[in-house]
Amino acid sequence: MSYRYRQTLPDMPLDIVGDVHGEFAAFQALLTHLGYSSDGFHPEGRKLVFVGDLCDRGPDSPAMLVWAKQACEAGFAFVALGNHELNLLVDDPKDGSGWFFDVRRDKDAVNYAPWQPMAEADKAEITAWLAQQPLIWERDDIRIIHAAWLPAMFDKLAAAVGEDLVAQYHRFDTELTEHLQTAAWYADYRQEQQLYAAAAELPEPEPPPMPATARYDFERSQAHPIRALTSGVERLSGKLFYAGGRWRGTERCPWWMDYQEEVPVVIGHYWRAWQPSANAVAAERNLFPPQPYAWHGAKRNVFCVDFSIGASWRARKFPEKYSPQQFRLAALRWPEKVL
């Protein structure tokens, strides 16, 4: 089957689910609350649409992925790929993926264990299914994408129609790497990585400034179309901050302030707060209106449905600092616009 990065949703009411991040018990509770049966069937003909990041950090990513695959094959659900699914597909072990990548197991156990590992025999079937899922689900009245609606990226993806998704990803990566290696600051980046990469994954102490690494991350976010749509574009930040398992010199850029089209867009990815908290990390602050029900963007027609259920591990590990009530799994009912 030829890969298509944009696919069309059927004309029926939807429930658009935020990033689940392996919190399968929370998803099952949400499923019941929305009136679905345990397999994803809804008596009123509603369908589930996932904005991506079904896996990583939570206690049961395998169960969530297997459930989603079965529901999609039954015609009850649709999945847009997030950056965490792409990490599995391109064999890129990242923070919170120790349930899938053995190389991350000991490091991730510090924050995220216990978790259910995926059996080695099941990995190929799950990744083959994920590799067929689109980056965008859309129809005339709604657009659903994991992180960023960036039309400037679409031409490269349209030109690659039919090419395997993983092959596309690696091709774009190779082209970008060849470009970055010609930059005047690339040698400094290699030196920073050699000296500080391991220290940058530890929350304390703060590593020395890494300006070339920040420049590298910034350039990568701007030039790789698949990564841009699933992780968003970034901008250089004033100082290092710790988020997502490492110290960073770039911060997320609110692309929705430039979105001028009329069709609403629903996204995940950005760790929206259900309750304002002084404990939010720097990457999560000031991106959205403080009211959890508020739409945002230049035309108030973009909605982030990720209410940080993927940070539930913090409440389990640091109950004195975090309340479970800070971290929610949400669904946006469409066309009703009810959260």
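The model is predicted, so local features need pLDDT of at least 70 and side-chain atom pairs count only at pLDDT 80 or more, while totals for chains, interfaces and linings use all residues. Residues are numbered from 1 along each chain as its sequence is written, and side-chain values use heavy atoms, leaving out hydrogens and water.

**The second largest pocket**
- A pocket is an open set of points on a 1 Å grid over the protein atoms alone, where a 1.4 Å probe fits, with protein on both sides within 12 Å along at least five of seven lines; its lining residues have an atom within 4 Å of a point.
- The second largest pocket holds about 320 Å³ of space, and 15 residues line this pocket.
- Nearest its centre lie L30, H33, L329, A330 and A331.

**Glutamate E138**
- E138 belongs to strand β5 (residues 136-139); strands are DSSP runs of E with at least two residues, numbered from the N terminus.
- E138 is buried, at a relative accessible area of 15%, where buried means under 20%, exposed over 50% and partly exposed in between (1.4 Å probe, protein chains only).
- Beyond its neighbours within four places in sequence, E138 is in contact with R6, Q7, T8, L9, R143 and W149; contact means heavy atoms within 4.5 Å.

**Cysteines**
- The structure has zero disulfides, a disulfide being a pair of cysteine sulfur atoms within 2.5 Å.
- C55 is in no disulfide, and the nearest cysteine sulfur, that of C72, is 14 Å away; C55 is buried, with a relative accessible area of 0%.
- C253 is likewise in no disulfide, with the nearest cysteine sulfur, that of C304, 15 Å away; C253 is partly exposed at 23% relative accessibility.

Technical notes
Points joined across faces, edges and corners; volume = space filled by probe spheres on them. Helix = DSSP H or I, 4+ residues; strand = E, 2+ residues; numbered from the N terminus.
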